Amino acid sequence: MQNQIGAILKVVGGIVIALGFLFGIIGASQTNSFIFFVTTLLGSLVTGMVLIGLSEIIRILEVINENIPKRRKKMGLSSNNTLIEAPPHPMNTKEEDDIKSFLQKHDVEIEKIIPTPKEDFFIIKTSARYMLIEMGGFTPKIIDEEKWPEDLVGWFEQYNQQ
């Protein structure tokens, strides 16, 4: 898919070059000056090429942007295999107490705390859903479901099948 802005810039760049050539010829014939033609042509050529160059930059950035999710997915799949086989990190009592007190403040009833292979990440099973909590900072942090790390999503899917 081609970006509309990039296509417009490319067309406008071509038009600027063509109009510069045309105005250069017309102006040079009226003023009988070859320098007028050259300066008009060079000015429009530089301007048109800058616009065409910007359209190419937009096209390349769009291609890069389309490939990023594919790369992330490939990286996630390759890291899932190593994470799936990894045992969960053991949970100490301080982490368990911190999680329980944090979720009590948010009126969340805990059914089960599931340690994960990633350090400082714990999946909390409640009566309604699963939550991911990161304990890496000074206070626990709830991570939105759409922002779960892909390798943990793969590990958790595998964990639920067991």
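Predicted model: local features only at pLDDT ≥ 70, side-chain atom pairs only at ≥ 80, totals over all residues.
Which residues do ring pairs link into a cluster? The answer is Phe21, Phe34 and Phe37.

1. Overall make-up. The protein chain holds four helices and four strands. In sequence order the pattern is α-α-α-β-β-β-β-α. Of its 162 residues, 27% count as buried. The accessible surface of the protein chain comes to about 11,300 Å², and carbon and sulfur atoms account for 61% of that area. Taking contacts between residues at least 6 apart in sequence, 53% join residues at least 24 apart.

2. Helix H1. This helix covers residues 4-31. Its 28 residues should span 40 Å at 1.5 Å a residue, and the end C-alpha atoms are 39 Å apart, so the two values agree. The buried residues of H1 are Gly6, Leu9, Gly13, Ile17, Gly20, Gly24, Gly27 and Ala28. As background to such a list, an α-helix has 3.6 residues a turn, so residues three or four places apart point the same way. After H1 comes Asn32, which has a positive phi, near 50°.

3. Aromatic pairs. Searching the whole structure gives four aromatic pairs. One of them joins Phe21 and Phe37 edge-to-face, with 5.8 Å centre to centre and 70° between the planes. Phe21 belongs to helix H1 and Phe37 to helix H2 (residues 34-85), so this pair ties together parts that are 16 residues apart in sequence.

4. Trp148 is buried, with a relative accessible area of 11%. Phe156 counts as buried too, at 9% relative accessibility.

5. The sheet. Four strands make an open sheet in the order E1-E2-E3-E4, with antiparallel pairing. Strands E1 (112-115) and E4 (141-143) stand at the edges with a single partner strand each, so one side of each has no neighbour in the sheet. From one strand to the next, the twist averages 35°. In general, the strands of a sheet pair through backbone hydrogen bonds, in a parallel or antiparallel way.

6. The E3-E4 pairing. Strand E3 (residues 130-134) pairs with E4 in the antiparallel sense over three bridges. Within this part of the sheet, Glu134 stands opposite Lys141 in E4.

7. Met91. Where does Met91 lie? Met91 is in the loop between H2 and helix H3 (93-105). With a relative accessible area of 25%, Met91 is partly exposed. Leaving out residues up to four places away in sequence, Met91 touches Glu96, Ile113, Pro115 and Phe122. The C-alpha atoms of Met91 and Ile114 are separated by 8.9 Å, while the two residues are 23 residues apart along the chain.

Notes:
Residues numbered from 1 in each chain as written. Heavy atoms only, no water. Pairing = 2+ DSSP bridges. Helix = DSSP H or I, 4+ residues; strand = E, 2+ residues; numbered from the N terminus. Axes fitted to C-alpha atoms, helices over the stretch in contact; angles between N-to-C directions. Expected span 1.5 Å × (residues − 1). Buried < 20%, exposed > 50% of the residue type's maximum accessible area, 1.4 Å probe, protein only. Contact = heavy atoms within 4.5 Å. Areas by Shrake-Rupley, 256 points an atom, 1.4 Å probe, with all protein chains shown as cover. Phe/Tyr/Trp six-rings, centres within 6.5 Å; stacked < 30°, edge-to-face > 60°.
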